[in-house]
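Please look over the sequence and the structure shown below before reading on.

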Amino acid sequence: MKKIVIASIAALALGSSLMAAAPASCAGCHGADGSKNTMVPNSVPNKMSKADIKAAMSGYKAGTLDKYGKGALMAGFAKPLTDAQINDVVEAWGK
Ligand code: HEC
């Protein structure tokens, strides 16, 4: 029993150290966990699939996506991100 507890604690610690985080610039509108969108009531980024978040971020970065009429605003936050930062958001928020 003790060994099992120690093993699960180790697994949890490993899991969290590998967890990606979204850039701090997103938290003001989406929360650190992507659970809200202060400007669009029906948008909950952390309920999206990993593929959908990746596609959305690419669209905003390219300036071609405008889902709720605020695409230009999101483009301003998406454009400075590196591919690695976009992957971090996808891993942190995506299902
Ligand atoms: C000033 C507020 C604000 C900030 C900061 C912001 N966003 Fe957004 N985000 C929005 C708005 C508004 C939309 C809807 C855009 C549209 O009309 O397509 C949106 C849409 C999104 C979507 C798509 C949501 C959906 O419902 O399809 C994702 C994913 C997203 N943002 C991720 C991010 C990430 C990652 C960052 C940080 C790099 C970020 N946002 C920073 C306001 C913000």
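In which helix is Ala-78 found? Ala-78 is found in helix α4, and the model in which it is seen here is a predicted one.

- Leaving out residues up to four places away in sequence, Ala-78 touches Met-57, Tyr-60 and Lys-61.
- Ala-78 and Ala-56 are 22 residues apart along the chain, and their C-alpha atoms are separated by 9.5 Å.

**The chain as a whole**
- The chain contains five helices and zero strands, so that, read from the N terminus on, its elements follow the order α-α-α-α-α, as assigned from DSSP runs.
- Of the 95 residues in the chain, 16% count as buried.

**The nonpolar core**
- The largest nonpolar core has twelve residues, and Ala-78 is one of them, together with Ala-22, Cys-26, Ile-53, Ala-56, Met-57, Tyr-60, Met-74, Ile-86, Val-89, Val-90 and Trp-93.
- In soluble globular proteins, nonpolar side chains tend to be buried together.
- Ile-53, which also belongs to this core, is in contact with Pro-45, Met-48, Val-89, Val-90, Trp-93 and Gly-94, when its neighbours within four places in sequence are left aside.

**One side of helix α5**
- The buried residues of α5 are Ile-86, Val-89, Val-90 and Trp-93.
- These residues lie on the same side of α5, because they cover an arc of only 100° around the axis.
- An α-helix has 3.6 residues a turn, so residues three or four places apart point the same way.
- The buried residues of α5 pack against α3.

**Leu-81, between α4 and α5**
- Leu-81 is found in the loop between α4 and α5, and it counts as partly exposed because it has 19 C-beta neighbours inside 10 Å.
- Not counting residues up to four places away in sequence, Leu-81 touches Pro-23, Lys-61 and Ile-86.
- Leu-81 and Lys-61 are 20 residues apart in sequence, while in space they are 8.2 Å apart from C-alpha to C-alpha.

**The surroundings of the ligand**
- Of the 27 residues around the ligand, those that come nearest are Cys-26, Cys-29, Ser-43, Lys-67 and Tyr-68.
- The elements that give two or more residues to the shell around the ligand are α2 (27-30), α3 (50-62) and α4 (71-78), and the largest share, four residues, comes from α4.
- By type, the residues of this shell divide into 17 nonpolar, seven polar and three charged.

- Lys-67 has its place in the loop between α3 and α4, and it counts as exposed because it has 12 C-beta neighbours inside 10 Å.
- Lys-67 and Ser-43 are 24 residues apart along the chain, and their C-alpha atoms are separated by 9.8 Å.
- Asp-66 is likewise found in the loop between α3 and α4, but with 14 C-beta neighbours inside 10 Å Asp-66 counts as partly exposed.
- The C-alpha atoms of Asp-66 and Ala-56, which are ten residues apart along the chain, are separated by 9.3 Å.

**Confidence in the prediction**
- The mean pLDDT of the chain is 88, and 81% of its residues reach 70 or more.
- Over residues 9-17 the pLDDT stays under 50, and for these residues the model has zero contacts beyond four places in sequence.
- Where pLDDT is low, the predicted coordinates should not be read in detail.

Conventions
Residues are numbered from 1 along each chain as its sequence is written. This is a predicted model: local features need pLDDT of at least 70, side-chain atom pairs count only at pLDDT 80 or more; totals for chains, interfaces and linings use all residues. A residue is near a molecule or strand if its C-beta atom, placed from the backbone, lies within 6 Å of it. Ala, Val, Leu, Ile, Met, Phe, Trp, Tyr, Cys and Pro count as nonpolar, Asp, Glu, Lys and Arg as charged, and the others, Gly among them, as polar. A nonpolar core is a set of buried Ala, Val, Leu, Ile, Met, Phe, Trp, Tyr and Cys residues joined through C-beta atoms within 7 Å. A residue is buried if 20 or more other C-beta atoms lie within 10 Å of its own, exposed if 12 or fewer, and partly exposed in between; C-beta atoms are placed from the backbone. Two residues are in contact if their C-beta atoms, placed from the backbone, lie within 7 Å. The arc is that of the directions from the helix axis to the C-beta atoms. pLDDT is the predictor's confidence in each residue, from 0 to 100.
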